[in-house]
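Some notes on the model follow, as numbered points. Please read them with the structure open.

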Amino acid sequence: MSKVFVTRQIPQPGLERLKEHVEVEVWPDQDPPPRSMLLERIAGCSGVLTMLSDRVDDEFLDAAGPNLRGVANFAVGYNNIDVAAAKARGVHVGNTPGVLTNATADTAIGLILAAGRCFRPAIHNVEKHQWRNWEPMMFLGQEFEGKTLGIIGMGRIGLTVAKRMRGGWGMRILYTSRSAKLQAGRDLDATHVQLDELLASSDVISLHCPLTEQTRNLIGEKELAKMKPNAVLVNTARGEVIDQMALANALANGQLFAAGLDVTTPEPIAADHPLRDLPNCLILPHIGSATWQARNQMSMMAAVNLLAAMKGTPMPFAVSPA
Ligand code: DGY
(Lines give C-alpha, C1' and ligand atoms only; values in the text may rest on other atoms or scores of the structure.)
Protein backbone atom coordinates (compact mmCIF):
# COMPACT_ATOMS: atom_id res chain seq x y z
CA MET A 1 0.00 0.00 0.00
CA SER A 2 1.23 3.53 -0.81
CA LYS A 3 2.38 5.56 2.16
CA VAL A 4 1.91 9.23 3.02
CA PHE A 5 3.76 11.12 5.72
CA VAL A 6 1.98 14.12 7.29
CA THR A 7 4.51 16.37 8.98
CA ARG A 8 2.17 17.74 11.73
CA GLN A 9 -1.20 17.05 13.29
CA ILE A 10 -3.90 18.58 11.06
CA PRO A 11 -7.72 18.57 11.21
CA GLN A 12 -9.42 15.21 10.66
CA PRO A 13 -11.31 15.65 7.34
CA GLY A 14 -8.22 15.37 5.16
CA LEU A 15 -6.64 12.64 7.27
CA GLU A 16 -9.80 10.53 7.08
CA ARG A 17 -9.93 10.94 3.31
CA LEU A 18 -6.29 9.88 3.00
CA LYS A 19 -6.76 6.88 5.30
CA GLU A 20 -9.50 5.52 3.01
CA HIS A 21 -6.88 5.03 0.30
CA VAL A 22 -3.34 4.94 1.69
CA GLU A 23 -1.30 4.18 4.77
CA VAL A 24 -0.86 7.41 6.71
CA GLU A 25 1.74 8.33 9.29
CA VAL A 26 1.24 11.61 11.14
CA TRP A 27 4.08 13.24 13.08
CA PRO A 28 2.61 13.23 16.60
CA ASP A 29 4.39 16.14 18.31
CA GLN A 30 3.47 19.80 18.54
CA ASP A 31 6.94 20.73 17.33
CA PRO A 32 7.93 19.77 13.79
CA PRO A 33 10.15 16.73 13.24
CA PRO A 34 13.85 17.62 13.36
CA ARG A 35 15.23 17.70 9.83
CA SER A 36 17.09 14.39 10.13
CA MET A 37 13.94 12.69 11.45
CA LEU A 38 11.82 14.19 8.67
CA LEU A 39 14.23 12.89 6.03
CA GLU A 40 14.14 9.46 7.64
CA ARG A 41 10.34 9.32 7.86
CA ILE A 42 9.68 10.33 4.24
CA ALA A 43 11.92 7.60 2.80
CA GLY A 44 9.87 5.46 0.42
CA CYS A 45 6.71 7.62 0.73
CA SER A 46 4.51 8.26 -2.30
CA GLY A 47 3.21 11.50 -0.84
CA VAL A 48 4.17 14.03 1.81
CA LEU A 49 1.76 16.54 3.32
CA THR A 50 4.01 19.45 4.31
CA MET A 51 3.72 22.61 6.39
CA LEU A 52 5.07 26.01 5.35
CA SER A 53 8.00 25.44 7.72
CA ASP A 54 9.18 22.24 5.94
CA ARG A 55 11.89 22.92 3.36
CA VAL A 56 11.30 20.85 0.25
CA ASP A 57 14.51 20.85 -1.77
CA ASP A 58 16.84 18.39 -3.49
CA GLU A 59 17.89 16.93 -0.13
CA PHE A 60 14.23 16.28 0.75
CA LEU A 61 13.49 14.82 -2.67
CA ASP A 62 16.57 12.58 -2.52
CA ALA A 63 15.55 11.34 0.93
CA ALA A 64 12.02 10.53 -0.20
CA GLY A 65 13.32 8.56 -3.17
CA PRO A 66 11.80 7.49 -6.47
CA ASN A 67 8.35 6.50 -5.10
CA LEU A 68 7.47 10.11 -4.37
CA ARG A 69 4.56 11.32 -6.54
CA GLY A 70 3.33 14.41 -4.75
CA VAL A 71 4.00 17.07 -2.13
CA ALA A 72 0.91 18.87 -0.87
CA ASN A 73 1.59 22.02 1.13
CA PHE A 74 -0.88 22.78 3.91
CA ALA A 75 -0.78 26.51 3.01
CA VAL A 76 -1.46 28.81 0.12
CA GLY A 77 2.14 30.12 0.18
CA TYR A 78 4.74 27.69 -1.12
CA ASN A 79 8.02 29.60 -0.84
CA ASN A 80 9.30 26.64 1.23
CA ILE A 81 9.20 24.39 -1.84
CA ASP A 82 11.63 24.26 -4.73
CA VAL A 83 8.85 23.61 -7.22
CA ALA A 84 11.20 23.41 -10.21
CA ALA A 85 13.31 20.74 -8.50
CA ALA A 86 10.21 18.71 -7.67
CA LYS A 87 8.79 19.01 -11.18
CA ALA A 88 12.14 17.97 -12.67
CA ARG A 89 11.68 14.63 -10.86
CA GLY A 90 8.04 14.31 -11.88
CA VAL A 91 6.79 15.14 -8.37
CA HIS A 92 3.52 17.10 -8.35
CA VAL A 93 3.24 20.09 -5.99
CA GLY A 94 0.02 21.60 -4.67
CA ASN A 95 -1.26 24.22 -2.22
CA THR A 96 -4.54 25.35 -0.64
CA PRO A 97 -5.70 28.58 -2.30
CA GLY A 98 -9.02 30.33 -1.71
CA VAL A 99 -10.25 28.65 1.47
CA LEU A 100 -8.12 30.77 3.79
CA THR A 101 -8.79 34.10 2.08
CA ASN A 102 -11.48 35.29 4.50
CA ALA A 103 -9.68 34.07 7.60
CA THR A 104 -6.41 35.77 6.62
CA ALA A 105 -8.13 38.98 5.52
CA ASP A 106 -9.92 39.11 8.89
CA THR A 107 -6.60 38.69 10.68
CA ALA A 108 -5.14 41.60 8.69
CA ILE A 109 -8.10 43.77 9.64
CA GLY A 110 -7.80 42.74 13.27
CA LEU A 111 -4.16 43.81 13.20
CA ILE A 112 -4.97 47.12 11.52
CA LEU A 113 -7.47 47.96 14.26
CA ALA A 114 -5.49 46.51 17.15
CA ALA A 115 -2.15 48.09 16.19
CA GLY A 116 -3.76 51.37 15.18
CA ARG A 117 -5.70 51.58 18.47
CA CYS A 118 -2.79 50.60 20.75
CA PHE A 119 -4.30 47.33 21.99
CA ARG A 120 -0.92 45.88 22.92
CA PRO A 121 0.07 48.52 25.51
CA ALA A 122 -3.57 48.82 26.64
CA ILE A 123 -3.86 45.06 27.32
CA HIS A 124 -0.46 45.12 29.00
CA ASN A 125 -1.74 47.93 31.24
CA VAL A 126 -4.64 45.79 32.49
CA GLU A 127 -2.65 42.56 32.77
CA LYS A 128 0.07 44.26 34.80
CA HIS A 129 -2.48 45.90 37.15
CA GLN A 130 -1.46 49.41 36.04
CA TRP A 131 -5.01 50.57 35.25
CA ARG A 132 -5.78 53.37 37.72
CA ASN A 133 -8.26 55.80 36.10
CA TRP A 134 -10.07 56.67 32.92
CA GLU A 135 -7.18 58.30 31.09
CA PRO A 136 -7.78 61.21 28.73
CA MET A 137 -4.25 61.09 27.30
CA MET A 138 -3.27 57.44 27.20
CA PHE A 139 -3.37 54.94 24.34
CA LEU A 140 -4.44 57.51 21.78
CA GLY A 141 -4.66 55.79 18.40
CA GLN A 142 -5.69 56.30 14.80
CA GLU A 143 -9.07 56.35 13.07
CA PHE A 144 -9.56 54.85 9.63
CA GLU A 145 -12.83 56.25 8.27
CA GLY A 146 -12.17 57.94 4.93
CA LYS A 147 -8.39 57.46 5.14
CA THR A 148 -6.17 55.73 2.56
CA LEU A 149 -5.36 52.02 2.54
CA GLY A 150 -2.35 50.81 0.54
CA ILE A 151 -2.44 47.16 -0.46
CA ILE A 152 0.85 45.63 -1.57
CA GLY A 153 -0.09 42.57 -3.63
CA MET A 154 -3.69 42.65 -4.87
CA GLY A 155 -4.36 38.90 -4.97
CA ARG A 156 -7.37 37.22 -3.33
CA ILE A 157 -6.46 38.21 0.23
CA GLY A 158 -5.43 41.77 -0.64
CA LEU A 159 -8.66 42.26 -2.54
CA THR A 160 -10.73 40.93 0.36
CA VAL A 161 -9.04 43.28 2.85
CA ALA A 162 -9.60 46.18 0.45
CA LYS A 163 -13.26 45.21 -0.01
CA ARG A 164 -13.89 45.08 3.74
CA MET A 165 -12.09 48.35 4.52
CA ARG A 166 -13.73 50.14 1.59
CA GLY A 167 -17.21 48.90 2.50
CA GLY A 168 -16.90 49.27 6.27
CA TRP A 169 -14.61 52.26 6.68
CA GLY A 170 -14.99 53.99 3.31
CA MET A 171 -11.24 53.93 2.80
CA ARG A 172 -9.66 55.07 -0.46
CA ILE A 173 -7.70 52.15 -1.91
CA LEU A 174 -4.27 52.30 -3.55
CA TYR A 175 -2.45 49.15 -4.55
CA THR A 176 0.68 47.78 -6.15
CA SER A 177 0.60 44.63 -8.17
CA ARG A 178 2.38 43.28 -11.24
CA SER A 179 -0.61 44.44 -13.32
CA ALA A 180 -3.72 46.55 -12.78
CA LYS A 181 -6.70 44.53 -11.52
CA LEU A 182 -9.96 45.11 -13.32
CA GLN A 183 -12.17 44.05 -10.39
CA ALA A 184 -10.34 46.29 -7.93
CA GLY A 185 -10.79 49.33 -10.17
CA ARG A 186 -14.39 48.54 -11.07
CA ASP A 187 -15.77 47.47 -7.67
CA LEU A 188 -13.59 49.41 -5.24
CA ASP A 189 -12.46 52.41 -7.27
CA ALA A 190 -8.94 51.26 -6.34
CA THR A 191 -5.96 52.88 -8.02
CA HIS A 192 -2.93 50.96 -9.27
CA VAL A 193 0.16 53.00 -8.27
CA GLN A 194 3.92 52.70 -7.93
CA LEU A 195 5.29 51.59 -4.55
CA ASP A 196 6.70 55.04 -3.68
CA GLU A 197 3.34 56.71 -4.15
CA LEU A 198 1.60 54.06 -2.06
CA LEU A 199 4.12 54.42 0.77
CA ALA A 200 3.89 58.21 0.85
CA SER A 201 0.09 58.44 0.61
CA SER A 202 -1.25 55.57 2.74
CA ASP A 203 -2.46 55.74 6.33
CA VAL A 204 -2.56 51.95 6.48
CA ILE A 205 -0.29 49.64 4.49
CA SER A 206 -1.13 45.95 4.34
CA LEU A 207 1.22 43.38 2.79
CA HIS A 208 -0.28 40.55 0.72
CA CYS A 209 2.43 39.65 -1.78
CA PRO A 210 4.04 36.20 -2.02
CA LEU A 211 7.65 35.86 -0.90
CA THR A 212 9.87 35.83 -3.99
CA GLU A 213 13.33 37.14 -4.79
CA GLN A 214 11.61 40.41 -5.84
CA THR A 215 9.67 40.85 -2.61
CA ARG A 216 12.33 39.77 -0.09
CA ASN A 217 13.10 42.88 2.06
CA LEU A 218 10.72 44.92 -0.09
CA ILE A 219 10.06 47.11 2.94
CA GLY A 220 13.41 48.32 4.23
CA GLU A 221 14.90 51.49 5.69
CA LYS A 222 14.30 53.55 2.53
CA GLU A 223 10.69 52.47 2.19
CA LEU A 224 9.92 52.96 5.89
CA ALA A 225 11.31 56.49 5.68
CA LYS A 226 8.69 57.31 3.04
CA MET A 227 5.73 56.33 5.24
CA LYS A 228 3.55 58.86 7.04
CA PRO A 229 4.18 59.22 10.80
CA ASN A 230 0.59 58.12 11.46
CA ALA A 231 0.92 55.03 9.23
CA VAL A 232 0.04 51.53 10.44
CA LEU A 233 1.92 48.71 8.70
CA VAL A 234 0.45 45.21 8.72
CA ASN A 235 2.05 42.00 7.49
CA THR A 236 0.08 38.77 7.06
CA ALA A 237 2.20 37.62 4.08
CA ARG A 238 5.71 36.45 4.96
CA GLY A 239 8.16 37.86 7.50
CA GLU A 240 10.98 38.10 4.96
CA VAL A 241 9.14 40.85 3.03
CA ILE A 242 10.14 43.31 5.79
CA ASP A 243 13.64 44.16 6.98
CA GLN A 244 12.76 43.65 10.65
CA MET A 245 15.70 45.56 12.11
CA ALA A 246 14.86 48.56 9.93
CA LEU A 247 11.24 48.28 11.10
CA ALA A 248 12.29 48.20 14.75
CA ASN A 249 14.35 51.37 14.28
CA ALA A 250 11.57 53.13 12.39
CA LEU A 251 8.98 52.25 15.05
CA ALA A 252 11.29 53.33 17.87
CA ASN A 253 11.96 56.65 16.09
CA GLY A 254 8.31 57.41 15.38
CA GLN A 255 8.74 57.21 11.60
CA LEU A 256 5.46 55.30 11.51
CA PHE A 257 2.80 54.87 14.17
CA ALA A 258 2.54 51.11 14.67
CA ALA A 259 2.99 47.70 13.10
CA GLY A 260 0.92 44.53 13.32
CA LEU A 261 2.73 41.36 12.29
CA ASP A 262 1.22 37.91 11.90
CA VAL A 263 4.45 36.68 10.33
CA THR A 264 8.11 37.17 11.22
CA THR A 265 11.47 35.80 10.26
CA PRO A 266 12.33 33.39 11.71
CA GLU A 267 9.19 32.02 13.31
CA PRO A 268 9.17 32.41 16.21
CA ILE A 269 11.02 35.72 16.05
CA ALA A 270 14.26 35.68 18.08
CA ALA A 271 13.67 36.05 21.82
CA ASP A 272 15.91 39.13 21.96
CA HIS A 273 14.65 40.85 18.80
CA PRO A 274 13.84 44.52 19.58
CA LEU A 275 10.44 44.24 17.83
CA ARG A 276 9.27 42.03 20.70
CA ASP A 277 9.64 44.86 23.23
CA LEU A 278 8.24 47.78 21.29
CA PRO A 279 4.80 48.73 22.59
CA ASN A 280 3.78 49.89 19.10
CA CYS A 281 4.53 46.51 17.55
CA LEU A 282 1.88 43.82 17.91
CA ILE A 283 2.99 40.31 16.97
CA LEU A 284 0.80 37.23 16.46
CA PRO A 285 2.16 33.68 16.04
CA HIS A 286 1.17 33.26 12.36
CA ILE A 287 -2.53 32.59 12.91
CA GLY A 288 -3.82 34.14 9.66
CA SER A 289 -5.63 31.00 8.51
CA ALA A 290 -6.37 29.65 11.98
CA THR A 291 -10.12 29.09 11.85
CA TRP A 292 -11.79 25.67 11.99
CA GLN A 293 -13.47 26.37 8.66
CA ALA A 294 -10.27 27.26 6.84
CA ARG A 295 -8.08 24.57 8.39
CA ASN A 296 -10.67 21.80 7.81
CA GLN A 297 -10.85 22.78 4.16
CA MET A 298 -7.08 23.09 3.87
CA SER A 299 -6.68 19.55 5.16
CA MET A 300 -9.19 18.23 2.62
CA MET A 301 -7.57 20.11 -0.27
CA ALA A 302 -4.13 18.83 0.64
CA ALA A 303 -5.50 15.28 0.83
CA VAL A 304 -7.19 15.40 -2.57
CA ASN A 305 -4.04 16.90 -4.05
CA LEU A 306 -1.98 13.96 -2.78
CA LEU A 307 -4.50 11.33 -3.83
CA ALA A 308 -4.62 12.78 -7.35
CA ALA A 309 -0.82 12.75 -7.63
CA MET A 310 -0.65 9.17 -6.41
CA LYS A 311 -3.18 8.17 -9.08
CA GLY A 312 -0.93 9.84 -11.65
CA THR A 313 -3.44 12.59 -12.42
CA PRO A 314 -2.85 16.37 -12.08
CA MET A 315 -3.47 17.86 -8.64
CA PRO A 316 -6.69 19.92 -8.54
CA PHE A 317 -4.82 22.71 -6.70
CA ALA A 318 -1.43 22.56 -8.38
CA VAL A 319 1.33 25.16 -8.34
CA SER A 320 3.89 25.95 -11.01
CA PRO A 321 7.48 27.12 -10.61
CA ALA A 322 7.63 30.89 -10.00
C1 DGY B 1 -0.42 30.30 4.05
O2 DGY B 1 -1.32 29.49 3.81
O3 DGY B 1 0.49 30.54 3.28
C4 DGY B 1 -0.52 30.98 5.36
O5 DGY B 1 0.57 31.77 5.63
C6 DGY B 1 -0.78 29.97 6.44
O7 DGY B 1 -1.70 30.53 7.28
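Which residues surround the ligand?

1. The model is predicted, so to read it: local features need pLDDT of at least 70, side-chain atom pairs count only at pLDDT 80 or more, and totals for chains, interfaces and linings use all residues. Residues are numbered from 1 along each chain as its sequence is written, and side-chain values use heavy atoms, with hydrogens and water left out.

2. Around the ligand are Leu52, Ala75, Val76, Gly77, Leu100, Arg238, His286 and Ser289 (a heavy atom within 4 Å). This shell has four nonpolar, three polar and one charged residues, with Gly counted as polar.

3. One distance is 2.6 Å, to a polar backbone atom of Val76; another is 2.9 Å, to a polar backbone atom of Gly77. In the side chain of Arg238, an N or O atom is 2.7 Å from a ligand oxygen. The protein covers 93% of the 230 Å² of accessible area that the ligand has on its own (Shrake-Rupley method, 1.4 Å probe).

4. Helix 1 (residues 12-19) has Gly14, Leu15 and Leu18 as its buried residues (under 20% relative accessible area, 1.4 Å probe, protein chains only). Down the helix axis these fall within an arc of 100 degrees, so they line one face of helix 1 (arc taken from axis to C-beta directions). They pack against strand 1 (3-6), strand 2 (23-26), strand 3 (47-50) and helix 12 (292-311) (heavy atoms within 4.5 Å). Helices (H or I, at least four residues) and strands (E, at least two) are DSSP runs, numbered from the N terminus.

5. Asn125 is in helix 6 (residues 119-127) and counts as buried because its relative accessibility is 6%. Leaving aside residues up to four places away in sequence, Asn125 touches Gln130, Trp131, Met138 and Phe139.

Notes: A polar contact is a pair of N or O atoms within 3.5 Å; within protein, one must be able to donate a hydrogen and the other to accept it, and residues adjacent in sequence count only if both atoms are side-chain atoms. Buried means under 20% relative accessible area, exposed over 50%, partly exposed in between (1.4 Å probe, protein chains only).
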